[in-house]
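Here are some notes to read with the model open beside you.

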Amino acid sequence: MVADLLVAVAAAGSAGVVYLAAAARVVKQYERGVLFRLGRVSGDVRTPGLNLIIPFVDRLQKVNLQIVTLPVPAQEGITRDNVTVRVDAVVYFRVVDAASALVKVEDYKFAVSQMAQTSLRSIIGKSDLDDLLSDREKLNQGLELMIDSPAVGWGIQVDRVEIKDVSLPDTMKRSMARQAEADRERRARIINADAELQASKKLAEAAQQMAETPTALQLRLLQTVMAVAAEKNSTLVLPIPVELLHFLERGGRPSPPDQDRDRDRDRDQEQDRAPSPGHTDGGPQLPVTGTGSAPQVPVIDTGGPPRTPVTGTGSTPRVP
């Protein structure tokens, strides 16, 4: 009888162990359990730890609450300015309501993936190429809002959406490269023109200063010659400014008192060398009267009767 009692206790213990093994469920920290009793959601969501269910009656389904990284396949579309591009993105989302994620949508991961693809194609058609390349933050916010609106009813929260890459055709890449090169050349020309303007203003000030002090021009010329000679060139072409010639001319010209004294001395010498009117070597000197621009010809006495002097008029002299 005692043996039968021991066998019954052992059988009951074995049955209890089997029951506990079938009824025990462990929910991890990053999971939540949804209990379905005869196909219906029963009670609250099961928290992490050991949870017991009724075998063959209850079914506990676990849902991961971690953030899911879902890559969105590259989508090809035409932008608002008629440029064909391929854009891919990545979506970060997590489940906030485990019961809704299991009941309201069949496969929430697949649903979020399809919603992200359609939203990405829609955002491509509404945006310009420049927005896709430079203003991605605004597009990310718009794409996140488009995906998050239907996902809220599924018990899913979209944390972030990022556009990873924008692929352009080769022809568009070459066109953009030429545009960027032209823009850089334009800016270089503007900077060069501003430099020329500033240099011309400084040169004008330097020229005005040198005009007031001509010696500075000569010193500057000598400095230029020294700088060119230091390069050991075989041929040296030296331009001479007109201002330097004027300076040298003023430097070699005598002072006004010296000019007056030289002028008087030259006049006295010419008067001493010039013969008096009516005088010739070997004969008497007679006065000669002249009018107009014709030269005056003296009358020479040859021993005949006396003659009066003849006045030459016009352009041809007349000799008596």
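Which strands does helix 5 (residues 136-151) lie across? Helix 5 lies across strand 7 and strand 8, and runs at about 140 degrees to strand 8.

1. First, some ground rules. This is a predicted model, in which local features need pLDDT of at least 70, side-chain atom pairs count only at pLDDT 80 or more, and totals for chains, interfaces and linings use all residues. Residues are numbered from 1 along each chain as its sequence is written, and side-chain values use heavy atoms, with hydrogens and water left out. Helices (H or I, at least four residues) and strands (E, at least two) are DSSP runs, numbered from the N terminus. Angles run from 0 to 180 degrees between N-to-C directions, and axes are lines fitted to C-alpha atoms, for helices over the stretch in contact.

2. Three strands make an open, antiparallel sheet in the order 6-7-8 (strands pair if DSSP finds at least two bridges between them). Strand 6 (68-78) and strand 8 (156-167) are the edges, each pairing on one side only. From one strand to the next, the twist averages 25 degrees. Strand 7 (residues 84-95) is joined to strand 8 by 10 bridges; Val87, for example, has Val166 of strand 8 as its bridge partner.

3. Helix 3 (residues 108-126) also packs on this sheet and touches strand 6, strand 7 and strand 8 (contact means heavy atoms within 4.5 Å). The direction of helix 3 makes about 35 degrees with that of strand 6.

4. Another open antiparallel sheet has three strands in the order 3-2-5, with strand 3 (40-41) and strand 5 at the edges. Two bridges join strand 2 to strand 3, and Arg37 has Arg40 in strand 3 as its bridge partner.

5. The cut-off is a side-chain nitrogen of Lys or Arg within 4 Å of a carboxyl oxygen of Asp or Glu. The whole structure has eight salt bridges.

6. The axes of helix 6 (residues 170-212) and helix 7 (residues 214-229) come within 4 Å and cross at roughly 115 degrees. Helix 6 brings Met210, Ala211 and Glu212 to the contact, and helix 7 brings Pro214, Ala216, Leu217 and Arg220.
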